[in-house]
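Please open the structure in your viewer and keep the selection tool at hand.

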Amino acid sequence: MSQVKRIVIAAVCAALCIVLPMAFHSIPNAGATWLPMHIPVMISGLVAGPVAGAVTGLLGPVLSSLLTGMPAAPMVVPMTCELLTYGLVAGLLSTFVRTGIITVDLYVSLIGAMIAGRVVNGVLRALIFSPGAYSLEAWLAASFFTSLVGIVLQFAVVVPIVVSLERAGLVPPRYPEE
Amino acid sequence: MRSMSGYMWADSPLHRAPAVAKLVGLLFCVALVVLASSPLELAAVALGVATLVAVSRVGWRDAARAAWALRWFLLVVLVLNALLFSDVDPIFVLGPAHLTAAGLAQGARIVVRTLLILVLGTLLTATTRPQELVSGVRSVLSPLARLGLPVEVVALAVGVTVQFVPTLLRESRQLMRAQEIRCSGVATRGIMRRAVSYIRLLIPMFVSAIRRADELSAAMEARGYRLSTPRGSDGRVERKVR
């Protein structure tokens, strides 16, 4: 995949980071529970690599905050760090994990990115954004319990979307047929 | 009139000002908001922001739109700070919560700062066309190119993102309408059924978006657009046909 296409995919996924939360807007508290902004970041990383994933993770929350006011200004920096980690790690893992089975590769990359992003978010909040006021219980509640529906949604849709994109011929196949 | 990217057509000094000046001004104003701590300082900054809203001819209602969307969040922030910030000299006590004057002041300070920053952000997008915003971002970031940062990549990504938002929003509405026609009344169902309806839209939305990205990148490459090309003497990227 060319560099231009990687960056354009990253930008389009960043645009989806703005559009998807607007589509989910009619569901109460959708942002914290359904995590609609996470899905385009993961897909950008899995499809176009770590740099594209990181660019999507960086631009999505920043531009969404500027254009729609959500996430709120105080949440932008921690959220950007978390999403940037998701995109970067999803891209790195999808580049290096090669089991021969596409769905296994993608699920390993997705789970690795989900864990890495939550760990980075917890560490940054504990050390920088809310020092002394952030506990392990708060991290577990915010990262796993409140967002359980969002985690299930990501397991259910991210990999099928990436496989659909491959089948539609829009991204190069992971294991080209000889 | 407001476009989907947030730009509002009007003739005002803020609309005519260059995007670079507005971006730098935004950073300066945000720094002022963050540094203002006493009520007098915050009131002075708020007066400045109100003057900008009046000068911009955006209208109070539109300038406060983003802030209004966050009213419940801001109320929760105010209440949590008022009850949990301090336990010294409480006005009243309810279990672990202590309503204090210091907590109320801290909550009000955070809410006012957030409101001012939201209004400033809204003013920037309401008075600057997306294309101007992109070229402004490019100009503001250009000194960082000397440090090896990929400014051209960031500017391209910002430009494509801002331009794709209205397109994708329109497409998502069309897909929702199509689904409503097929399944009747997505927006009027219960929360879970509504959520499942939205999830069904994700695959067509992504396939359509990536298809557009594929077409755009193919068109750019066909015209010789390359990210790694050196800068020309006039400061623009040289576009070479392969």
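**Stop 1: one helix of chain B.** Begin by selecting residues 19-35 of chain B, which form helix 2. The model is a predicted one. At 1.5 Å a residue, the 17 residues of this helix should span 24 Å, and its end C-alpha atoms are 24 Å apart, so expectation and model agree.

Stop 2: Within helix 2 of chain B, select B:Ala19, B:Lys22, B:Cys29 and B:Val33, which are buried. Now turn the view to look down the axis of helix 2 of chain B: its buried residues fall within an arc of 80°, and therefore they line one face of the helix. An α-helix has 3.6 residues a turn, so residues three or four places apart point the same way.

Which exposed residues are carried by the face of helix 2 of chain B turned away from its buried side? Select B:Ala21, B:Leu27, B:Phe28, B:Ala31 and B:Leu35 to display them.

**Stop 3: a residue in helix 7.** Select B:Leu116, which lies in helix 7 of chain B. Is B:Leu116 buried or exposed? It counts as buried because it has 24 C-beta neighbours inside 10 Å, and 20 or more are required for that description. Leaving aside residues up to four places away in sequence, B:Leu116 touches B:Val33, B:Val45, B:Ala46 and B:Val49.

**Stop 4: the whole of chain B.** Select chain B entire. It contains 10 helices and two strands, and from the N terminus the elements run α-α-α-α-α-α-β-β-α-α-α-α. Of the 242 residues in chain B, 28% are buried. Among contacts in chain B with a separation of 6 or more, 62% join residues 24 or more positions apart.

**Stop 5: where chain A meets chain B.** Finally, display both chains. Here 41 residues of chain A are in contact with 45 residues of chain B. On the chain A side, helix 1 (3-23), helix 4 (50-68), helix 5 (73-96) and helix 8 (148-167) each supply at least two residues. Helix 1 of chain A gives the most, with 16 residues. Colour this side of chain A by residue type to find 34 nonpolar, six polar and one charged.

Conventions
Residues are numbered from 1 along each chain as its sequence is written. Chains are lettered from A and ligands numbered from 1 in the order in which they are written. This is a predicted model: local features need pLDDT of at least 70, side-chain atom pairs count only at pLDDT 80 or more; totals for chains, interfaces and linings use all residues. Two residues are in contact if their C-beta atoms, placed from the backbone, lie within 7 Å. Helices (H or I, at least four residues) and strands (E, at least two) are DSSP runs, numbered from the N terminus. Ala, Val, Leu, Ile, Met, Phe, Trp, Tyr, Cys and Pro count as nonpolar, Asp, Glu, Lys and Arg as charged, and the others, Gly among them, as polar. The expected span of a helix is 1.5 Å times one less than its number of residues. A residue is buried if 20 or more other C-beta atoms lie within 10 Å of its own, exposed if 12 or fewer, and partly exposed in between; C-beta atoms are placed from the backbone. The arc is that of the directions from the helix axis to the C-beta atoms.
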